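Notebook open, structure loaded. I'm jotting down what I look up as I go.

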Amino acid sequence: MSALAVEEVPPPASLYVHFPFCSHRCHYCDFAVHRTDEPPFEAWLECIVRELESWFRRAGWVRPQPLDSVFVGGGTPSLMGDRMGRLAEALHRGFVLDRDPVEWTAESNPASLDADVARSWRDAGVNRLSVGVQSFDDDVLRWLGRLHDADGARRALVAARSAGFENLNADLIFGLPSPIERDWRAEVESVLEAGVTHVSTYGLTAEAQTPLGRRVSSGDVSMVGGEGYAAEYLSVVEALESAGFLLYEVSNFALPGCECLHNWHYWDGAPYLGIGPSAHSFLGGRRVWNVSRWEAYRELLEGGHGPVEGHELLGAGESQLERLWLALRTAQGIAAGDPLTRSIV
């Protein structure tokens with residue numbers, strides 16, 4: 001465990017909250033998740049409160065602290081059901097969440113998102129919903145190990161729209177092994193028909209410790225080649241831009257005005273606080289990360305200890321290089337005459 005002094009650390013502009021529980025781990029998933037059919041919500045919430053209290057006490061932040069954005073990710077946050085209001089109450093102890101325009105995003109899985117859950121989240125203050133659709137092809141969804149089918153994805157998006165979510169994201173995965181047949185363009189059209197305002201596209205990767213990674217290592221599965229990967233990516237770029245979406249970051253498309261503010265803070269170097277298992281923070285030029293396993297995270301906090309596993313202070317050169325490559329991920333980029341480019345080149 002790494003000791004961390006947080007005195008005089010500036011307060012965050014954004015807050016990330018990690019809900020680590022999933023009822024099933026997908027074949028490609030390498031995230032910090034804890035598989036369970038009954039997430040221990042009360043224990044998790046108590047740990048979140050303890051971690052927040054520790055940050056406020058040790059950093060000396062004044063309450064309530066304003067935020068630009070909140071992002072509840074996972075895991076599968078929709079497994080908390082209608083209890084998002086409980087989390088909102090806990091966060092209100094330290095932060096101002098009801099001022100305009102705080103962006104509050106929560107991730108959801110179509111298998112556990114229905115109209116009642118969506119409405120309860122909207123009532124709790126969530127104003128941006130991200131739905132892990134991944135595909136509208138039933139065969140693809142089964143191959144990925146997802147719990148929902150295409151109709152379930154459509155029902156979840158309808159439920160979100162009916163609950164009043166005007167800012168709605170759908171995740172899609174491309175770059176599947178070439179033997180898997182799919183009509184990728186038709187899937188992109190399906191997500192457009194659902195009325196989303198934002199689309200995040202991710203190329204499939206085979207992480208070593210996942211079932212997919214092991215199948216690739218054994219030679220049972222061959223990942224798609226560079227040409228096929230590029231063709232699918234360029235296809236989605238063309239389809240979404242034709243529908244009025246802006247490619248504002250290499251993986252993210254949005255209708256004008258619907259860009260994800262929380263992610264922008266990651267890319268432009270704004271300070272953010274991450275709480276929960278495996279959560280990362282960036283405050284005062286220092287990167288901080290928590291232990292990944294839920295059991296270890298809970299044990300540390302219930303024992304009166306902090307959950308930080310490690311931290312590093314970025315030097316001037318490291319900060320400049322990071323700012324450069326993050327800027328180059330975005331459509332905004334960085335000006336050729338920016339002093340940063342001259343200092344690095």
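Started with Val-9. Skipping neighbours within four places in sequence, I get contacts from Val-9 to Ala-59, Trp-61 and Leu-283. This is a predicted model, so I'm reading everything here as computed. Val-9 sits in the segment before β1 (14–19), and its relative accessible area of 15% makes it buried, because the cut-off for that is under 20%. I also checked Val-9 against Arg-58: they are 49 residues apart in sequence, yet the C-alpha to C-alpha distance is 9.1 Å.

Next, Leu-172. I found it in strand β9 (residues 167–174). Buried or exposed? Leu-172 is buried, at 0% relative accessible area. Leaving out residues up to four places away in sequence, I listed what Leu-172 touches: Val-133, Gln-134, Ser-135 and Phe-136, then Trp-184 and Val-191, then Val-199, Ser-200, Thr-201 and Tyr-202. For a distance, I took Leu-172 to Ala-194: 22 residues apart in sequence, 13 Å in space between C-alphas.

Phi of Gln-134 is about 70°. Gln-134 belongs to strand β8 (residues 128–134) and counts as buried at 9% relative accessibility.

Another positive phi turned up at Ser-278, which is not a glycine either; the value is near 70°. I placed Ser-278 in the loop between β13 (272–275) and β14 (280–283). Ser-278 is buried, with a relative accessible area of 17%.

While on the backbone, I went through omega. Which peptide bond involving a proline is cis? The bond joining Arg-63 and Pro-64 is, with omega about -10°. Pro-64 is in the loop between α1 (41–59) and β4 (65–66). I noted a cis bond from Gly-74 to Gly-75 as well, with omega near 20°. Gly-75 falls in the loop between β5 (69–74) and α2 (84–92).

Then His-265, in helix α9 (residues 261–268). Its relative accessible area is 9%, and it is buried. What does the side chain of His-265 pair with? I found a polar contact of 3.1 Å to the side chain of Asp-68. With neighbours within four places in sequence set aside, the contacts of His-265 are Ala-13, Ser-14, Asp-68, Ser-69 and Ala-270.

On to helix packing. I took helix α6 (residues 184–193) and helix α8 (residues 226–242): their axes come within 10 Å and cross at roughly 35°. The crossing of α6 past α8 is right-handed. On the α6 side I wrote down Trp-184, Arg-185, Val-188, Glu-189 and Leu-192; they meet Glu-232, Ser-235, Val-236, Glu-238, Ala-239 and Leu-240 in α8. By type, the residues of this contact come out as six nonpolar, one polar and four charged.

Cys-22 is buried, at 9% relative accessible area. Cys-258 is in no disulfide either, with the sulfur of Cys-260 the nearest at 11 Å. Cys-258 counts as buried too, at 15% relative accessibility.

How values were computed: Residues numbered from 1 in each chain as written. Predicted model: local features only at pLDDT ≥ 70, side-chain atom pairs only at ≥ 80, totals over all residues. Heavy atoms only, no water. Buried < 20%, exposed > 50% of the residue type's maximum accessible area, 1.4 Å probe, protein only. Disulfide = S-S within 2.5 Å. Axes fitted to C-alpha atoms, helices over the stretch in contact; angles between N-to-C directions. Helix = DSSP H or I, 4+ residues; strand = E, 2+ residues; numbered from the N terminus. Left-handed = near helix turned anticlockwise from the far one by under 90°. Contact = heavy atoms within 4.5 Å. Nonpolar A, V, L, I, M, F, W, Y, C, P; charged D, E, K, R; others polar. Polar contact = N/O pair within 3.5 Å; in protein donor to acceptor, adjacent residues only side chain to side chain.
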